[in-house]
Protein chains: 2
Amino acid sequence: MKELKALFDRIAQRTNINLRELHFDVVPFIKNLIPLQQMVKFYAFYGITPHHPLDFQFRHSSLAGSYFLGKCRALNSILYKSDIRGDELKQQGDVFSYRQFEIPVSQNEGFDIEDSYLVKTLVHNFSHDPETLETFFIKDTISTHYANIHGSPCDGSFLGPFATVDLTTMRDSVIGTFSYVQTGEIAHVNVGPGTVWIRNPGEFNFLYRHPLHKLSDYINFAAGRPPQGFIIDFVDDRKGSFQRVFEVVNLEPIPVPRSASLDRYAVVKPKTQIGENVLVAQRAFLQNASLGKGANAQENCYIVNSRLTGNNVTAHGAKIIEAELGQNVFVGFNSFLRGRPDCRLTIGKDSIVLPHTIIDIKQPLAVPAEHFVWGLITNQADLESNSLALSDFSKIDGGLVQGNMSFEGRGARFVAAFRERIHHILEANGAFFDGTSNKGHAQRNQNISFNTIQPYPNGDLGCMYPTIIIKT
Amino acid sequence: MKELKALFDRIAQRTNINLRELHFDVVPFIKNLIPLQQMVKFYAFYGITPHHPLDFQFRHSSLAGSYFLGKCRALNSILYKSDIRGDELKQQGDVFSYRQFEIPVSQNEGFDIEDSYLVKTLVHNFSHDPETLETFFIKDTISTHYANIHGSPCDGSFLGPFATVDLTTMRDSVIGTFSYVQTGEIAHVNVGPGTVWIRNPGEFNFLYRHPLHKLSDYINFAAGRPPQGFIIDFVDDRKGSFQRVFEVVNLEPIPVPRSASLDRYAVVKPKTQIGENVLVAQRAFLQNASLGKGANAQENCYIVNSRLTGNNVTAHGAKIIEAELGQNVFVGFNSFLRGRPDCRLTIGKDSIVLPHTIIDIKQPLAVPAEHFVWGLITNQADLESNSLALSDFSKIDGGLVQGNMSFEGRGARFVAAFRERIHHILEANGAFFDGTSNKGHAQRNQNISFNTIQPYPNGDLGCMYPTIIIKT
């Protein structure tokens with residue numbers, strides 16, 4: 001344990017040095033957040049397929065429970081039950097388009113996770129930064145429960161629980177609990193909790209702030225204790241169901257259509273239906289869930305007593321409970337949509353639930369088709385202030401303030417950006433596979449072999465992993 | 001599968017080139033012996049502890065179901081459920097005594113397994129060859145079911161099922177089914193089936209041949225089909241019991257005394273008692289077995305309805321059924337000792353069952369204390385021709401022929417050599433641990449973390465493993 005403690009202290013110090021201008025001390029937040037002894041309880045694992053480039057290199061790291069797919073590297077890092085998913089890594093010879101630039105990729109892209117501490121964080125690699133095409137770096141960074149680092153290189157940053165940084169290079173910044181940032185680049189910024197901030201410089205700037213006194217019922221995080229709230233309780237209540245999938249080396253596969261893939265580290269409870277071209281990722285939880293053709297259930301998402309008609313995106317960490325979703329409905333990162341058996345939630349086709357939306361109803365509620373919804377919604381009145389038809393949003397040119405949301409710029413560009421993104425996600429996930437062409441993750445992530453790796457069981461090196469290198 | 005087939009063909013060709021003088025063709029023996037498709041069903045695994053030097057390097061190999069402990073290397077090899085156990089590897093700075101030489105070990109010893117094909121073979125590293133102190137090589141070698149390569153570097157050789165090569169450097173040789181060779185060095189020799197050959201040049205030469213028409217009931221092997229016989233049936237009947245220990249990543253540990261170790265890949269059935277300083281190795285099978293203080297149960301051994309009083313060695317692959325063994329009884333490699341519920345076998349204290357002995361009785365049988373026993377024994381008359389008191393054996397000076405056994409040389413040296421060896425085995429295994437000193441494997445092989453590694457699931461590389469390197 002001695003080496004692990006020393007590593008923990010060093011990572012905390014390095015992050016604090018980077019955050020000195022923000023006067024942010026990570027230590028009270030992470031000290032005792034995970035008893036280091038826990039780190040020996042969970043093995044780490046990485047996937048081997050002929051479709052994903054391998055170049056795993058772990059040196060002097062601790063990797064408990066973490067999942068790796070595709071090229072990787074982790075030097076002196078502590079990863080605890082995190083998912084590092086590299087199935088969209090750029091390849092040597094690819095050409096990356098960025099505005100007027102066509103940039104050739106000069107070598108295979110890889111992760112570079114160094115001196116970082118990640119807890120239950122999802123890292124997905126669709127990285128966007130034209131300055132670092134070949135390296136997705138995460139350095140001197142601390143990230144806590146159910147945060148998402150999505151195509152977002154970062155350095156010297158701190159992410160609170162359920163924080164999401166999406167396609168945004170981030171340096172020396174703090175992202176508060178349940179905040180979502182998609183702004184291309186940020187540095188030396190402290191984003192308060194419950195912020196949803198989507199900006200494309202020169203085009204639009206969307207900003208919403210959750211009312212903190214209400215948000216804290218769902219999720220709150222204070223120094224010296226683990227994160228708390230309904231969403232944590234919801235996840236904790238379902239922990240036991242994951243036990244078996246981690247206990248057994250080779251599970252009996254659950255049959256799914258040939259064009260679909262179900263990760264062996266997902267939980268599938270009875271009455272679940274999985275359609276053609278469906279992707280179910282690791283640590284997804286499905287219970288009495290119907291996933292129509294081309295729907296996907298991404299990492300850490302929960303779909304319970306709900307029906308997704310088809311081509312639905314359920315982004316990383318989203319929860320959908322007692323709901324009916326029409327064709328093409330998109331549910332953004334970490335959204336928490338809770339209908340109840342006697343008052344279900346329905347969402348009309350082509351609607352877009354922005355990331356980090358909370359819908360929690362005690363009366364039936366219907367989101368109309370082709371609408372944006374955002375923020376915190378507990379009834380019909382909230383829905384009216386926190387939604388807008390896509391066609392009306394497209395008409396905005398200049399600005400709009402509605403409830404806690406403010407928008408500046410061109411609404412049409414905002415709508416188009418979301419539509420393009422959703423199309424890309426469906427395409428990348430294999431939703432449009434026709435039996436021969438348009439293959440995506442649903443087709444390529446089948447038949448993954450998993451290697452499980454374990455730390456030194458005791459001694460000074462206890463809980464640390466030996467150096468492990470895996471190459472094609 | 002394409003790459004695996006190519007590798008298989010290359011290994012067979014290389015071995016045949018080495019065996020050309022003996023006109024031995026390995027292909028009919030190994031073709032279809034293991035359907036290559038099997039190779040994707042079993043994961044391989046290696047142990048991590050602070051006490052065993054790590055330097056695993058697998059390149060372009062297939063390693064299905066194999067177990068590795070301690071430094072290793074396997075280049076273009078096919079290992080199928082083999083055990084490679086490196087817990088007696090010599091360390092840099094050790095001094096190796098050989099006759100009048102004191103040889104300093106210049107670097108940490110390692111395995112070097114290259115272009116080889118091993119099936120269910122146990123490799124244990126206590127290597128003896130003063131010419132290759134730092135490398136335990138196994139090259140261009142094919143070894144089949146339940147063979148033992150024990151401290152025996154080998155090159156260009158073929159080992160039949162249940163063959164044992166013990167402390168013998170072997171080049172371009174064939175070791176027949178159920179043959180045991182401990183001769184220091186052999187080259188260009190074809191050892192027929194059922195031979196037990198123990199030689200120390202200038203001191204003694206022990207030779208026994210099992211009657212082949214009887215041996216074939218127990219074990220026989222012909223080209224074009226898997227090995228057959230009672231011993232194979234016995235092992236196959238117990239295969240199912242191993243299923244759970246391989247299915248689950250982290251088993252609930254079975255409590256044993258603090259000074260004992262029970263490998264998590266052993267099977268322990270009810271009514272088994274494990275005493276102080278006991279070592280139970282991987283793939284051992286214990287059922288209603290009582291292991292007294294300092295007893296050991298090595299790889300692939302089976303102890304069923306039997307009592308071992310204490311300081312007993314049950315060497316690799318030995319089976320003990322319905323028997324009572326006194327203090328210090330040694331049972332050599334691959335011996336098959338079968339009493340029956342109504343006619344048990346008893347073996348008096350300090351007796352030595354030579355390797356590859358078969359005792360299979362239908363009347364009660366008692367081996368007296370302080371005796372050697374060898375060969376095939378089915379009744380009292382066989383026992384009389386296949387045993388001798390150690391004190392009488394010590395008196396031989398010149399030669400003795402008794403039944404199928406012939407001995408030349410000094411009996412006292414033969415007895416002393418066995419006694420020294422048994423003492424070394426008990427010492428190395430931790431039988432003499434007193435709570436602080438005399439630690440051995442029983443104390444050091446506790447708390448092993450296991451990494452499980454899996455092959456490419458399909459494609460040209462299907463069943464092959466990516467390059468994997470693990471270092472401290």
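**Exercise 1. How far apart do the C-alpha centres of domain 1 and domain 2 of chain A lie?**

Step 1. Keep in mind that this is a predicted model.
Step 2. Find the two domains. The assignment gives domain 1 of chain A as 2–234 + 448–471. Domain 2 of chain A is 238–444.
Step 3. Take the C-alpha centres. They lie 23 Å apart.

**Exercise 2. How many residues does each domain of chain A bring to the contact, and which element gives the largest share on the side of domain 1?**

Step 1. Count the residues, with C-beta atoms within 7 Å as the cut-off. Domain 1 of chain A gives 31 residues, and domain 2 of chain A gives 31 residues.
Step 2. Look at the side of domain 1 that touches domain 2. Elements giving two or more residues there include the strands β23 (195–200) and β24 (204–209) and the helices α3 (212–218) and α4 (230–237) of chain A.
Step 3. Pick the largest share. β24(A) provides it, with 6 residues.
Step 4. Sort this side by class. It has 16 nonpolar, 8 polar and 7 charged residues.

**Exercise 3. What is the strand order of the open sheet of 8 strands in chain B, and which strands are at its edges?**

Step 1. Read the order: β25-β28-β30-β32-β35-β38-β41-β43 (chain B). The pairing is mixed.
Step 2. Find the edges. β25 (261–262) and β43 (387–389) of chain B each pair on one side only.

**Exercise 4. Which residue of β41(B) is the bridge partner of V353(B)?**

Step 1. Recall that strands of a sheet pair through backbone hydrogen bonds.
Step 2. Locate the strands. β38 (352–353) and β41 (371–373) of chain B run parallel, joined by 2 bridges.
Step 3. Name the partner. V353(B) is bridged to V373(B).

Note on methods: Residues numbered from 1 in each chain as written. Chains lettered and ligands numbered in written order. Predicted model: local features only at pLDDT ≥ 70, side-chain atom pairs only at ≥ 80, totals over all residues. Pairing = 2+ DSSP bridges. Helix = DSSP H or I, 4+ residues; strand = E, 2+ residues; numbered from the N terminus. Domains from an automatic or database assignment. Contact = placed C-beta atoms within 7 Å. Nonpolar A, V, L, I, M, F, W, Y, C, P; charged D, E, K, R; others polar.
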